[in-house]
Amino acid sequence: MHSLFYLLTLIFILLNGCSSPQLPPVKIDTNETNITYTDVKPIIDKRCVVCHSCYNSPCQAKFSSFEGIDRGASKLAVYNATRLEAQDPTRLFIDAQTTQEWREKSFFSLTDSNETNISYNNSLMLHLLYEKKIHPDIIGEYSPEHDTLTCAKDTKELATYIEEKPNHGMPYGFPAITPKEYAKLQAWIVEGTKSYNSTEEKKLKTPSTTAQKQIIKWETFLNTPDPKHQMTSRYLYEHLYLAHLYFPDAQGEFFELVRSTTPYPQPIEIIPSLRPFDDPQTKHFYYRFRKIHATLVHKTHMTFALDESVMKRWKELFIEPKWLETPHYVSYDTKTATNPFLCYKQIPPRSRYEFLLDNAQYIVMTFIRGPVCRGQMALNVIHDHFWVMFQDPNYDVGVLHPEFLLQEARNLSLPIENVNESVFETFSDAYRKKYERYYRAKVIQEKKNFPEGFGYESLWKGNTSKDAPLLTVYRHFDSASVHKGVLGELPRTMWVIDYAQFERIYYTLVAGYDVFGNVSHQTNIRRYMDFLRIEGELNFLNYMPKEKRLAMLRSWYINDNSVDGQKYQQLKINAQKIHYISNNPKREFIEHVVNHTINKKTNIHFDTINYTLGKEGIVSLPKHYDSLQDYMQAAKAVSVAGSGFISHMTDSGANNIYLRIDMPDGTFYRKSLVINRWHDNVNSLFNGKSNLNPKKDTMDILDGSVGSYPNVFVVVKYKDLPEFLELMKNYDGSREDFQKLQKYFVSRSDPDFWKIYDWFQKDFNTKEPIKSGLYDLNRYAKNPWNKEY
């Protein structure tokens, strides 16, 4: 009998010891009252939205608006590389409109409390803020996009999370908010997270009188009911649905173009279609301008100005010309709607292409910054640094011969018809074969039209100061940025984009890409982008000496056996029109383009630090720092391949560095240090790391702000600049050198971290008031370090 008693006692002790930890409610210690979202929004923007603002927000907790906070969080991961079935979309403001609708989609509250004692609160948000308050030390690695997060839905699960991940309160992996900020947020949560005050809500959500006048004009144009206007509007909508539209005379207001079941002046009832070319499921719908009231974050803030010149230009391109067919409405059946060459065959290709060229930087930006926020699937298909040019419409066979595009329409179909494709189609060669048939036909057509080959005159030159006939693309591992002009040193690769390629990249990566799609949908898009990248490179090689084309292509695809002479026989078909006088035709070509071909109105020129005309540049440090030229020489020496810091700092999380130089007179200079990782080739879906070669990495030193995701902040006093440059050049990875680096590099655990972040953000907002938005800190250097100086 005693044995049974002891056995039961032991079982009870064991079970009690294995039970989940208990999380006591947080004691309320604030006297603030009548706090609304308007009062706490500045705190939430600066300390929460910087990590919680898009699909990559941990647990889908999106804090950029009251509605997002009210929606709460979800255990369902948006990014899932092995998802066999597409999942239902969960886009804020689109896929559900009320709190209850989000609860039915398995979102749970972060701010509700079930504590009955009014002196305590049990909400998840306050628990996580309190956890950082009492355990502020930042210990271990922090990578919120890749860390294993439980997405606790209640205090029981949160207790387990806190026990397993101590020192992981909010802000995640950064210093705690100030006591004053904590008190205000605590009061807001305790009082029931009141929404905006009425005045602020009206201001945020209602267009100003100035903006409303413009909206009426533009909605009238887009909703003109005749077929010509409607097909024009459909094309424009499909290319502008991600844009943050604004009117220059209504500063500070941005709008998104949506489809609504209701016309003006009725409230907008959004049509929640998955993609912009999907059937609206109603005979009558209207294009409407919905004001954006959420906090602007740079990674999704792609601006597009609308003024009288734009209206005039659109009419010149689409309304005034005679179309190839009598204007008529086109159905939304999937095979037609997902193929722009079929859907818009009645609109002259020249009109479509010139629209894309007019807005080249915006369109390319959508490839890079939208619609996914976390773009590794798309970005591991491009090199870290390259320049983009465009074929002039007068030399584009698709523009000159619209019937050619129709003949090839089947081969121009895209892997976007189904976001839930069978997994058995994941590695199908169907689209590769279609692409190869199209490309062979295009090369033959080009030879017929231009038997002498392509010269400089066949490149688009631009017409106005806002045109971007040359663009620079930087890849920062899993994010990227697009810039007008030619930035950096001479890149390995360049692209020339023609109309059909431009349109296909857009519909593949933007309009047709579903972040909620299954693995087959997303993998097929990644594979198709291989073809489109190679096509851009082949278009560029048409300008190179005929005998060097294949060798240049192979130099971009090291250890890739698929790049062989037999497969790329088309490289020999087009004649060489340009006659080169140097042994470096790529450099000779681009210098002629920049200096003699591009319209001078565009104000495009090489940057003075990174590019040396026709030379390899000076790679040694100066002996003395007495002039600006000395510092420029040092900057060049630091940025070349093999330089100490670059060759040792090979982690993928250190690609985009923001530098501030503090001058003696209290002013500041700001630079971006962009590391370009060398990839032997980017043609592999699975072997990304094996294709890296850190010995060949380089760094570009650029003015202003580059990218949306700072990987680390660096602050250097002017008097220390020579020491800093010497350290960067000769850095050897030793503990001693790393400790020296800590004097300048700002750790995520630095007590001044938020002060420094706020400076960079304010500087960005001041210098780019229209294009700026909040930086994202999800990809900041994951390992904290203690400052040694």
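Trainee: What makes the way H15 passes H20 a left-handed crossing?

Mentor: In this predicted model, H15 passes H20 in a left-handed crossing. The term applies because the near helix is turned anticlockwise from the far one by less than a right angle. The two helices, H15 (residues 360-369) and H20 (residues 499-511), pack at an angle of about 40° with their axes 9 Å apart.

Trainee: Why are H15 and H20 called oblique to each other?

Mentor: Their angle is about 40°. Angles under 35 degrees would count as roughly parallel, and 65 to 115 as roughly perpendicular. H15 and H20 are therefore oblique.

Trainee: Which residues of H15 and H20 meet?

Mentor: On the H15 side they are Ala 360, Ile 363, Val 364, Thr 366 and Phe 367. Facing them in H20 are Phe 502, Ile 505, Tyr 506, Leu 509 and Val 510.

Trainee: What makes H15 mostly covered?

Mentor: Of its 10 residues, 9 are buried, and buried means under 20% relative accessible area. The buried ones include Tyr 362, Met 365 and Arg 369.

Trainee: Why do S9 and S10 count as edge strands?

Mentor: The open sheet has 4 strands in the order S9-S8-S7-S10, with mixed pairing. S9 (480-484) and S10 (493-497) each have a single partner strand, so one side of each is left without a neighbour in the sheet. From one strand to the next, the twist averages 25°.

Trainee: How do you know that S8 and S9 pair?

Mentor: Pairing needs at least two bridges. S8 (residues 471-475) is joined to S9 by 5 bridges, and the two run antiparallel. Within S9, Ser 481 stands opposite Tyr 474.

Trainee: Which helix lies across S7 and S10?

Mentor: That is H23 (residues 585-597), running at about 55° to S7 (385-390). As for the nonpolar packing, the largest core has 131 residues, and Phe 390, Phe 589 and Ile 590 have the most contacts inside it. A second, separate core of 90 residues includes Cys 59 and Trp 754.

Trainee: How do you know that S12 pairs with both S11 and S13?

Mentor: The threshold is again at least two bridges. S11 (residues 656-662) and S12 share 7 bridges in the antiparallel sense, while 6 bridges join S12 to S13 (residues 698-703), also antiparallel. Ile 657 stands opposite Leu 673 in S12, and Asn 676 has Thr 698 in S13 as its bridge partner. S12 (residues 668-676) is mostly covered, with 7 of its 9 residues buried.

Key. Residues are numbered from 1 along each chain as its sequence is written. This is a predicted model: local features need pLDDT of at least 70, side-chain atom pairs count only at pLDDT 80 or more; totals for chains, interfaces and linings use all residues. Side-chain values use heavy atoms; hydrogens and water are left out. A nonpolar core is a set of buried Ala, Val, Leu, Ile, Met, Phe, Trp, Tyr and Cys residues joined through side-chain atoms within 4.5 Å. Buried means under 20% relative accessible area, exposed over 50%, partly exposed in between (1.4 Å probe, protein chains only). Axes are lines fitted to C-alpha atoms, for helices over the stretch in contact, and angles run from 0 to 180 degrees between N-to-C directions. Contact means heavy atoms within 4.5 Å. Angles under 35 degrees count as roughly parallel, over 145 as roughly antiparallel, 65 to 115 as roughly perpendicular and the rest as oblique.
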